[in-house]
Amino acid sequence: MKKTRRLAVSVLVCLSVAAAALTASAAAPIKVYRDGTEVVTEASPHVVEGQVMIPFSLAEELFDRKLSYDSKNRIMNVSDRSGLIATSEDGALSVTGIEDRDGMWDNLRLHANGSEVYLPGKTIGSNISYAPEFARANLTGGTESDIIVLLTQGYGTGIFINEAVAYTSDLNRLPIEDGEVALRKQFRSSEQADGSLLVEAAGVSTVIAKDLILTEEANRGDGAGIGSVIRYQVEDGKLTVTAGVIVGTSEFIGDLKLEYTYKNDVLQAGTAVFTPYDEYR
């Protein structure tokens with residue numbers, strides 16, 4: 001007896017079941033199990049003309065496939081969600097993962113020297129401007145360079161957020177202190193009586209004159225803050241993290257930056273330094 005598979009063009013996936021079973025369970029919510037474990041669904045499956053209908057998102061999760069429907073040409077596309085995200089320039093390092101419906105990639109794996117290891121975090125994907133970045137630097141003081149992977153997690157107008165994941169050459173992961181947390185702990189700012197702005201980084205003060213700030217006083221709040229521009233980089237063999245310092249909602253006045261040092265088997269955040277942009281000096 002031939003078995004057939006159908007894909008519904010109503011943006012749902014149809015799974016055929018016996019009519020008797022459908023009749024018996026019509027009044028009760030339909031539960032979904034994968035390998036014996038119940039899958040919680042946002043939209044419950046339902047029966048339409050003897051077919052169990054489930055949403056695209058659930059079908060993708062159950063079958064590890066990416067589904068899309070071209071209504072104009074009436075074409076259903078089914079593709080593998082897993083794939084190659086990025087490769088280093090020399091081809092020695094690569095990252096693979098699984099793409100979700102929002103275009104983010106997770107379940108990441110780092111491939112190096114013929115081996116692979118789990119890579120924690122998520123990334124935007126293969127977009128050339130925001131794909132994972134690779135760097136090598138001797139962060140631990142060993143005889144071989146360590147591996148650093150930079151994963152972009154968010155971007156947009158005034159926003160850039162990424163994270164760093166580091167490994168030794170033999171793919172042992174190196175713990176890294178959270179850069180944003182370390183920066184915020186060392187940062188202070190307040191508006192002075194004369195309208196100038198005081199910015200403190202690790203106890204070192206910088207004053208921005210009132211007439212250099214474009215944001216109206218009523219919209220400045222109590223002082224400057226750390227914005228949503230946060231970037232890890234490898235510079236001169238050092239891992240660094242930089243955050244933009246912002247006044248109001250959109251005026252960036254400088255950068256807050258620190259370097260990491262390797263101590264007690266951890267990449268530890270160092271002293272934060274605030275550097276105003278030239279127009280605010």
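## A buried threonine

In this predicted model, T152 is buried, because its relative accessible area comes to 1%, and buried here means under 20%. The residue sits in strand β13, which covers residues 146–156.

Once its neighbours within four places in sequence are set aside, T152 is in contact with K122, T123, I124, Y130, F160, I161 and N162. Of these, F160, I161 and N162 fall within the numbering of β14 (159–167), a strand that returns below in the account of a pocket.

## The chain as a whole

The protein chain has 3 helices and 23 strands, and of its 281 residues, 37% count as buried. The chain exposes about 16400 Å², of which carbon and sulfur atoms supply 48%.

Two or more lining residues come from each of β14 (159–167), β15 (173–174), α3 (179–185) and β19 (225–235), and β14 gives the most, with 5 residues.

Sorted by class, the lining of this pocket holds 8 nonpolar, 3 polar and 5 charged residues.

Conventions
Residues numbered from 1 in each chain as written. Predicted model: local features only at pLDDT ≥ 70, side-chain atom pairs only at ≥ 80, totals over all residues. Heavy atoms only, no water. Helix = DSSP H or I, 4+ residues; strand = E, 2+ residues; numbered from the N terminus. Nonpolar A, V, L, I, M, F, W, Y, C, P; charged D, E, K, R; others polar. Buried < 20%, exposed > 50% of the residue type's maximum accessible area, 1.4 Å probe, protein only. Areas by Shrake-Rupley, 256 points an atom, 1.4 Å probe, with all protein chains shown as cover. Contact = heavy atoms within 4.5 Å.
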